Every structure is written in structure tokens, then in C-alpha cells.
Amino acid sequence: MVLNEIQSSAQIGFPILSAMILLPLAMAVGLRFMRSTALARRMAIATVALELLLAAALLLHFIPGVADFQFTERHLWIETIGASYHLGVDGISVLFIPLTALVALMVLLLGGNGTRFLSRAYLSAVLALLGITIGIYAALDLILFYVFFELALVPMYLLIKLWGVGPQRQYASLKYIVYMLVGSAALLIGIILLGIAYQSGAPAGTPFSFDLVTLLSEPVPGQLQELVFFLMLAGFAIKGPLLPFHTWLPSALMHGPVGAAMFLVGLKVGAYGLLRFVLPLLPDASQDWGWLVVGAGLAALLYGALIALVQQNLRRLLAFASISHVGLVMVGLFSMNAQSIQGGLTMMINMGLATTGLLFLAGALHARLGSSDLSAAGGMARQVPRLAFFFFLFGAASIGLPGTSGFHGEFLTLLGAFLRHWPVAVVGVLGVILSAGYFLWYYERAFFGPITRPGVASMRDLTRSETALASAVALIILAIGVYPSPVMNVTGASVAALVKRLDASAEARSLQAAATTTRSATR
């Protein structure tokens, strides 16, 4: 898997990825010196709008149909350990850049529903999280990736602790940070072992390297592959979250602010890390132990769906729905064929649209009713028709209804799982059926029937800005659902290159096993 690079200076003329990382980080600092909170909010929204324009330019200049890393920047960073400031995107990562900016815009516009979310500190935390998350998706050096991975914990911890709901937010923030630090420790050890393995296998005098492109050129020894695989799997499974490391997510979504929940649920950094680093760097261990991840994914798929089925609180329902969806993504990634990996990647993109959209509306409901619990709802479709329409559309996308962006990902994931091992696909279909059950049952109870709560009778529908943003997300969901080819064209070549590497690894191991058997027979 030899990947070429197209430099940002040659492709677009300036370091666009660095600009998209540094711009929100610089503004996050600058907001602290603004006296007017209203001006700070306008500047924060303008910054995210500029990020979306840069993301549009990124997509416009992106070359589809090739697996090369594009818009790359590379500078030596820490010479003694071989770490570099190496940025770039390919078909696997490029769509997450505009998705991150869109999520941030939704968070900021939702923040206008309460004075607590108009503070400069809150706006700074959101902007910092935006810049750091883009760094996560753009980093091509594992040390640089780890730095961004760790830095993201700081604003997220502060968002949950300072702007969460109720006294349990202290516990939720502590639980979140403890889980993440344990996962980060395992991830760091795995990264260090990868650097050592590369230096040991290279010619004498070769320095350490943690660069993804460089590491791909030197296979990791078999036994070490297994150790690194489990270390990195632990780190990314906790971030996922994947069963049984999931318990921090319901607490964070229930007691943290909706804005933090959008980043946690809409942007699947854990699943991305497995796809970006574990599968290509550790192909042998991934094939040997992929069944374990698939099994955990199926367990999460069914467990999350069954628990979501009995939830009365929308936030808690979406937390367990997210766990269920991550389980199906894991099934797709570790079925390890072109259809399943493409499906898993497409599902991750859809979750950034549909699930984030649902959380956006959950925040709007909480702002109007003071709760996202069914006890405060009932008969809302008559009173807030726009909110009811978008809620149904986003929910339909989250359960994979044909015509929405969720259908193609689920279909490809199940198709790839069937090609790999058909009983897995059967269980996957059961999980999809359960997901339709928990969404439709909640929707029927919350939006239909007579209005029996005073708060519902007087609640107002979505504002113009909320409607405009929900409409934009809805148009993207429908556009991808009706015509997914542009997305597939962007991601297809990179997915094909990854599958080719996995197949080459499997073939090499088969030939080695056959040669060993032949030698044993001739003795």
C-alpha cells in the first residue's frame, strides 16, 4: 500500500488544513478579550462560517478516484523521536472536515436558546474543539494525531462540567475523563511500539518514525502486531464507544450540554481511528481478531437497540441508539471487504448528519419544554409542525430509510457482512429492525395524540435560523439518499486501496502457510 502525496501548495496554493486548524483555535483565544458577549457570538459564528467556506474549497479541489493523500503539509517537528507535523486527507478522511464544521455551526446556533450558552468561555470551548477535531482527521503522523486526540479532552471535559445539566454533570465529566485517559494510555503505548518496530526493522541508523505513510512501508512483526492491535483497539473502542466500554456515553449525553453531545455522537473519532490506523497498519492481527470486534459490534448493536426501545428520555435514547449504530459500524469495518468498509464509512458520515440533527432538535425541545422526557411531551406535531417534520426525517435517516443518507451505508454494511459470514448479516438485520422500532415508538408517543401538557400547548416552533439550518442538513441527507455517487466517488479509491492491502496480507499469509505445510510434508 504505497500512497503518493499531493502537496497543498501545488493543489490549492496555501496550507488549507493548517488554516482550518489554527483559525478556530486563534479565535477561541481572541474571544476571551472581547468585552461584548453578543460580538463574541457573532465572531464565533462567522469563524465557523469561514471554516465551512474553506471546507467547500477543500472538496472543490479534492481529486476523486485516487487513493493519494491530498493537501499535504510536512515539517519536521520533534527530530529526536522522528515526529513530524504531517497533515493530509484522502477519501477516508476528507468528508469529516466539512462535517465537523457543520456540527460546530449547529452547536453555536443552538447555543442561542439559553443565556448560559452565550458566554465567551463556552464559545471558546466550542471553537477550540472544532479546530482540534479537524486536526484529528487531518493528522498523518501518529504522535501528532495523539496530541490532537488528547487535546480534545480538555474542552469536552469543560463543556460537560461547566455547562452540563444538574448536579450529576460533575460525575459525568469525571467519568468521561477517566475513561478517555485510560484509553489514551493504551493508545500511546501502541503508538510507541509501532515506532520501535519500524526502527528495529529498518536498516541500521534509520531514525524512529511515527509517520503513517512511512510506517505502511515496513510490516509490523506478527506477535507484536497482536499486542499493538489490542492496545490500539482498547483506546479506540473506549472512544467509540464499543461494548463493554460504553457506560460513559449515556452519562455524558444525559448530564452534559447538547452541544457536547453533538460532537461526541456525531463525530465517531474512535471508529475513524480503527479505520485510519489499525486496519492498514495491523492487517494480520485485524484478520486474526476481527471476529472478536465483529462479535462485540453485534452485541452492541442488539444491546443498544433493546435498551433504547424502553427509554422515556430522548437524550438517553439517542445515547443507546449511538452505541447500537457504532456496533453496526464495527461489523462493517471488520468484515473487511470493499462493500462492508464502504458501508461502515458511509454510516459514520450519516451519523454526523442524522444523529447530530436529532440532538439539535432535542436541544430545541429542551429549551422550550425544560426537558427532553416523554412526560413533558405528547401531541407536539400539531403545535410544532416544522420540528415534527425534521425530527421524522432525521430519524428516518438514522434508521436507514430508503431515500435518505442512512440507507446506502446500512445496505452496504449488511451486504459486506453477508459476503463475509451470512449469520452476521442476519443479526445485523435484526438490529436494524429494532432501531426502527425504538424511533417510531418514541415519535408516536411524543408527537401524536392529544395535547395534555400545558408546556406543549404554548410551545413555539423552530425559529428561522433553526429552520434554515435544519433545512440545510435535510437537503444533504436527501441529496445523498437520492444520489450517493459523489460520496462514493470521493471515498471509493481509498477504501479500495485499504482492501487491497488487507487482501495482499491474507494472500501472503496463505502462501507462507502453504510453504510451511509443504516443507513439513517433505521431511
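Q: What makes a residue part of the lining of the largest pocket, and which lie nearest its centre?
A: In this predicted model, 23 residues line the largest pocket, and Leu59, Leu95, Pro98, Ile476 and Ile480 lie nearest its centre. A pocket is an open set of points on a 1 Å grid over the protein atoms alone, where a 1.4 Å probe fits, with protein on both sides within 12 Å along at least five of seven lines, and lining residues have an atom within 4 Å of a point. H22 (464-482) is among the elements that give two or more residues to this lining, and its 5 residues are the largest share; helices here are DSSP runs (H or I, at least four residues), numbered from the N terminus.

Q: How do you know which classes the lining residues of the largest pocket belong to?
A: Ala, Val, Leu, Ile, Met, Phe, Trp, Tyr, Cys and Pro count as nonpolar, Asp, Glu, Lys and Arg as charged, and the others, Gly among them, as polar; the lining divides into 22 nonpolar, 1 polar and no charged residues.

Q: Why are H3 and H5 called roughly parallel?
A: Their axes, lines fitted to C-alpha atoms over the stretch in contact, with angles from 0 to 180 degrees between N-to-C directions, cross at roughly 15° and come within 9 Å. Angles under 35 degrees count as roughly parallel, and H3 and H5 are therefore roughly parallel to each other.

Q: What makes residues of H3 and H5 count as meeting?
A: Contact means heavy atoms within 4.5 Å, and the residues that meet include Ala44 and Val48 in H3 and Leu123 and Leu127 in H5.

Residues are numbered from 1 along each chain as its sequence is written. Local features need pLDDT of at least 70 and side-chain atom pairs count only at pLDDT 80 or more, while totals for chains, interfaces and linings use all residues, and side-chain values use heavy atoms, with hydrogens and water left out.

Notes
Angles under 35 degrees count as roughly parallel, over 145 as roughly antiparallel, 65 to 115 as roughly perpendicular and the rest as oblique.
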